[in-house]
Structures are given as C-alpha cells and as structure tokens.
Amino acid sequence: MEEEARFWRFVGIVVTILVVGALFVIVSLNASVDNWATLMSAAILVSMAVIALVVARKKRKELRNGIPSEDERSRSIRMRAGYLAFYINLYFILGMSFVHGILEDNQVSSLPTSEWLMIYVAAMGSIFLVLNAYFSRKGVPG
Amino acid sequence: MKTRIKELRARYDMTQDDLAKKIGVRRETILFIENGKYIPSLKLAHDIAKVLKTTMDELFMFEKD
C-alpha cells in the first residue's frame, strides 16, 4: 500500500512539473520572447517526459511483481551519492568562483549569475546521478 | 565479510528472488550481500537468518574472525 502510494506520489510530482513546464513553453511561444530558450525548454521537457515514462513503467512492473522500489541498500547508496555530490559540488563552485573572479578582474564578459546557478544545479544533479550509478554497480563501501 | 547465504539458499531450494521477496528487499541487495559488497543492517541480517533458519553468527563471517 505504501509502495503504491509512493508510486502515485512520483507520478503526481512528474505530471505537475510537466504541466507547469508545458504552460511555461506555451506562454513563452505566444509571447515569443526568446525562441532559442523556449525551444531548449521544450526539448528538456520532452526528454523529462520520456525519462519519466520509462521510469514509471519500470516502477509499475516492479510494483506488480512485489519488488520494493527502495530498500536499505538503495537508501544508503542514495545517501552516500547525495553527500558526495554535495561536497564535490562545493569544491566545483569554489573553483568556478575563482575563475569568475579572474574573468571579472580582466573584464572578460561571462555568463550572468542566473545561468551560472543553473550550471551548478545541473552539475550537482549530474554528479549525483553518476555516483548513484557507480555505487549501484560497485557497492557501497562498509 | 563472507556469508553462507548462497549455501543455505541452495539447501532450501530458494532463489535470490525468493529470499528477497520474503524479507522485503530488492534482489540486488541479496546479490551484493552474498558477494560481500554490502554489509546489511542488524535487522536485515536477523531477517535473513530467520528465513534461512539459522543464526547470524552462522550466516556471517568477518575477515578478523
């Protein structure tokens, strides 16, 4: 029952994100503010929808076969990948802030802060996914 | 860490999947425990021992032992 509820919670969150994203894309297209950014957003949204569909189908199949979506090993993998991604990203941000400082000192134009923030979040997410996959294959050190 | 899970599973004609379902974990978890790549919690070790009708002491052997 708890597993079923967790599955529907996951579906609910994904659908909400996709609906909000689709609304954003539609509004942006109508306003035709920045076509390149809108197209990028649409592409990201479609990729998210495809990935969500694959994950949902896998989870549903596992649920029907009575396989728990998570257990103590998967939780410990997620915890380890999460805290390592956090620390690695801290050093990444620190390094990038030095680069940022050097660029500013030399009056070289760089990306706006909002875009840097997007890069940091994407980097942290990617590091987490890579570490999660690594620990899932190699095991978590005891 | 070494375990006798595989041996005891064979004795009771149980697959990794069967054992995993009985104790409510994923099959991969059993695989990793058997290969010594994951050290289970006390509760999980207890549950495995109970299903395999043995004691934790009989089931798990640590290198220093």
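Predicted model: local features only at pLDDT ≥ 70, side-chain atom pairs only at ≥ 80, totals over all residues.
Helix α1 of chain A covers residues 2-31 and helix α2 of chain A covers residues 35-64; their axes come within 10 Å and cross at roughly 165°. With that angle, α1(A) is roughly antiparallel to α2(A). The crossing of α1(A) past α2(A) is left-handed. If you sort the residues of this contact by class, you get 16 nonpolar, four polar and four charged.

One is F10(A), which sits in helix α1 of chain A. Is F10(A) buried, exposed or partly exposed? There are 15 other C-beta atoms within 10 Å, and F10(A) is partly exposed; buried would take 20 or more. In sequence F10(A) and A56(A) are 46 residues apart, yet in space their C-alpha atoms are 8.3 Å apart.

The other is L29(A), also placed in helix α1 of chain A. L29(A) counts as partly exposed, with 14 C-beta neighbours inside 10 Å. Take L29(A) together with E62(A): they are 33 residues apart along the chain, and 39 Å separates their C-alpha atoms. Compare that on your screen with the pair F10(A) and A56(A), at 8.3 Å.

Next, the other pair of helices in chain A. These are α3, residues 72-105, and α4, residues 113-138, with a loop between them that holds Q107(A). The axes of α3(A) and α4(A) come within 8 Å, and the crossing angle is roughly 140°. What does that make the two helices? α3(A) and α4(A) are oblique to each other, since roughly antiparallel is kept for angles over 145 degrees. α3(A) goes past α4(A) in a right-handed crossing. On the α3(A) side the contact includes I77(A), A81(A), L84(A), A85(A), I88(A), N89(A) and F92(A), and on the α4(A) side it includes Y120(A), A123(A), M124(A), I127(A) and F128(A). In terms of class, the contact of α3(A) with α4(A) has 14 nonpolar, four polar and two charged residues.

A123(A) gives a close view of that contact. A123(A) is located in helix α4 of chain A. It counts as partly exposed, having 16 C-beta neighbours inside 10 Å. Setting aside neighbours within four places in sequence, A123(A) is in contact with N89(A) and F92(A).

Most residues other than glycine have a negative phi. Q107(A) is exposed, with 6 other C-beta atoms within 10 Å.

D13(B), a residue other than glycine, has a positive phi near 50°. D13(B) is placed in the loop between α1 (5-11) and α2 of chain B. With 7 C-beta neighbours inside 10 Å, D13(B) counts as exposed.

Helix α2 of chain B, residues 16-23, packs with helix α3 of chain B, residues 27-34, at an angle of about 110°, the axes being 8 Å apart. So α2(B) and α3(B) are roughly perpendicular to each other. α2(B) passes α3(B) in a right-handed crossing. From α2(B) the contact uses Q16(B), D17(B), L19(B) and A20(B); from α3(B) it uses R27(B), T29(B), I30(B) and L31(B). By class these residues are four nonpolar, two polar and two charged.

Last, the two chains together. How many residues of each chain are in contact with the other? From chain B there are 11, and they are in contact with 10 residues of chain A. The chain B side of this contact is made up of five nonpolar, three polar and three charged residues.

Conventions:
Residues numbered from 1 in each chain as written. Chains lettered and ligands numbered in written order. Axes fitted to C-alpha atoms, helices over the stretch in contact; angles between N-to-C directions. Helix = DSSP H or I, 4+ residues; strand = E, 2+ residues; numbered from the N terminus. Parallel < 35°, antiparallel > 145°, perpendicular 65-115°, else oblique. Left-handed = near helix turned anticlockwise from the far one by under 90°. Contact = placed C-beta atoms within 7 Å. Nonpolar A, V, L, I, M, F, W, Y, C, P; charged D, E, K, R; others polar. Buried ≥ 20, exposed ≤ 12 C-beta atoms within 10 Å, placed from the backbone.
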